[in-house]
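Colleague: I've got this one open in the viewer and would like to talk it through with you. Can we go over it piece by piece?

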Amino acid sequence: MRCPVDGSQLTPHHYEAQIEVDVCPVCKGIWLDKGELEKLQEVVELDHFEAQPVLDAPGKRPPGPIDCPKCETTMTERPYGYGILVEVDLCPEGCGMWLDRGELQILERAFESARRQVEVDERGLWSSLKALLRDL
Ligand SMILES: [Zn+2]
Ligand SMILES: [Zn+2]
């Protein structure tokens, strides 16, 4: 697959346990398949999850929509936040989502801080993300 932002070849990366994500070597954006998102949620629920430090602020990207690297449908940008707001790009065909550089780490942090609070209801970060994908 090619990066929807700059057209570079995406490189598979192992993230946490058995999750493979596709990372752009140039802009450090991350592609998450729908199935990979579910695996990521399992890792979170298994409690072996440690938030990575936010090394980089999200990269600047040219304005305007990007195309899904799988089916080339124009992706929908949705603000998503759980305390911290992140703009994620979702494929309307349900292929998955694109995260710009640093956005995954921000989401991890948001989840971690939410989990530390007493009230984490079932509309937690990952179930909300899944619901968001289902709604499209
Ligand atoms: Zn890129
Ligand atoms: Zn797609």
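What follows is a short chat about this predicted model.

Colleague: Let's start with the layout. In what order do the elements run from the N terminus on?

Modeller: The protein chain has three helices and six strands. Reading from the N terminus on, the order of these elements is β-β-β-α-β-β-β-α-α.

Colleague: How much confidence does the predictor have, and what is the mean pLDDT of the protein chain?

Modeller: pLDDT stays under 50 over residues 47-55, a stretch with 12 contacts beyond four places in sequence in the model. Residues 118-123 are also below 50, and that stretch has four contacts beyond near neighbours in sequence. Over the protein chain, 57% of residues reach 70 or more, and the mean pLDDT is 75.

Colleague: And why should I care about the low stretches when reading coordinates?

Modeller: Residues 47-55 are one such stretch, with pLDDT under 50. Where pLDDT is low, the predicted coordinates should not be read in detail.

Colleague: Which residues have the most contacts inside the largest nonpolar core?

Modeller: That core has 20 residues. The residues with the most contacts inside the core are I30, L32, M97 and L99.

Colleague: Take L99, then. Which residues is L99 in contact with, leaving aside its neighbours within four places in sequence?

Modeller: L99 is one of the residues with the most contacts inside the largest nonpolar core. Another of those, I30, is also among its contact partners.

Colleague: Now β1. How many of its residues are buried?

Modeller: β1 covers residues 11-15 and is hardly covered. It does have a partner, since β1 pairs with β2 in the antiparallel sense over five bridges. Even so, the count of buried residues among its five is zero.

Colleague: Going across the sheet, which residue stands opposite D22 in β3?

Modeller: D22 belongs to β2, and P12 stands opposite it. On to β3: that strand is joined to β2 by two bridges, and the two run antiparallel. The residue of β3 that D22 stands opposite is W31.

Colleague: Which residue in the turn between β2 and β3 has a positive phi?

Modeller: β2 and β3 form a hairpin with six residues between them. Most residues other than glycine have a negative phi. The one in this turn with a positive phi, about 65°, is K28.

Colleague: Is K28 buried, exposed or partly exposed?

Modeller: K28 lies in the loop between β2 (19-23) and β3 (30-33). Because it has 18 C-beta neighbours inside 10 Å, K28 counts as partly exposed.

Colleague: What about E72: buried or exposed?

Modeller: E72 sits in the loop between α1 (34-45) and β4 (76-81). Its phi is near 65°, a positive value in a residue other than glycine. The cut-off for the label is 12 or fewer other C-beta atoms. E72 has 12 within 10 Å, so the label is exposed.

Colleague: Last one, on helix α1. Which residues is K39 in contact with, beyond its neighbours within four places in sequence?

Modeller: K39 is found in helix α1 and counts as partly exposed, with 18 C-beta neighbours inside 10 Å. K39 and E20 are 19 residues apart in sequence and 9.4 Å apart in space, C-alpha to C-alpha. The contact partners of K39 are Q18 and I19.

Definitions and conventions:
Residues are numbered from 1 along each chain as its sequence is written. Chains are lettered from A and ligands numbered from 1 in the order in which they are written. This is a predicted model: local features need pLDDT of at least 70, side-chain atom pairs count only at pLDDT 80 or more; totals for chains, interfaces and linings use all residues. Helices (H or I, at least four residues) and strands (E, at least two) are DSSP runs, numbered from the N terminus. pLDDT is the predictor's confidence in each residue, from 0 to 100. Two residues are in contact if their C-beta atoms, placed from the backbone, lie within 7 Å. A nonpolar core is a set of buried Ala, Val, Leu, Ile, Met, Phe, Trp, Tyr and Cys residues joined through C-beta atoms within 7 Å.
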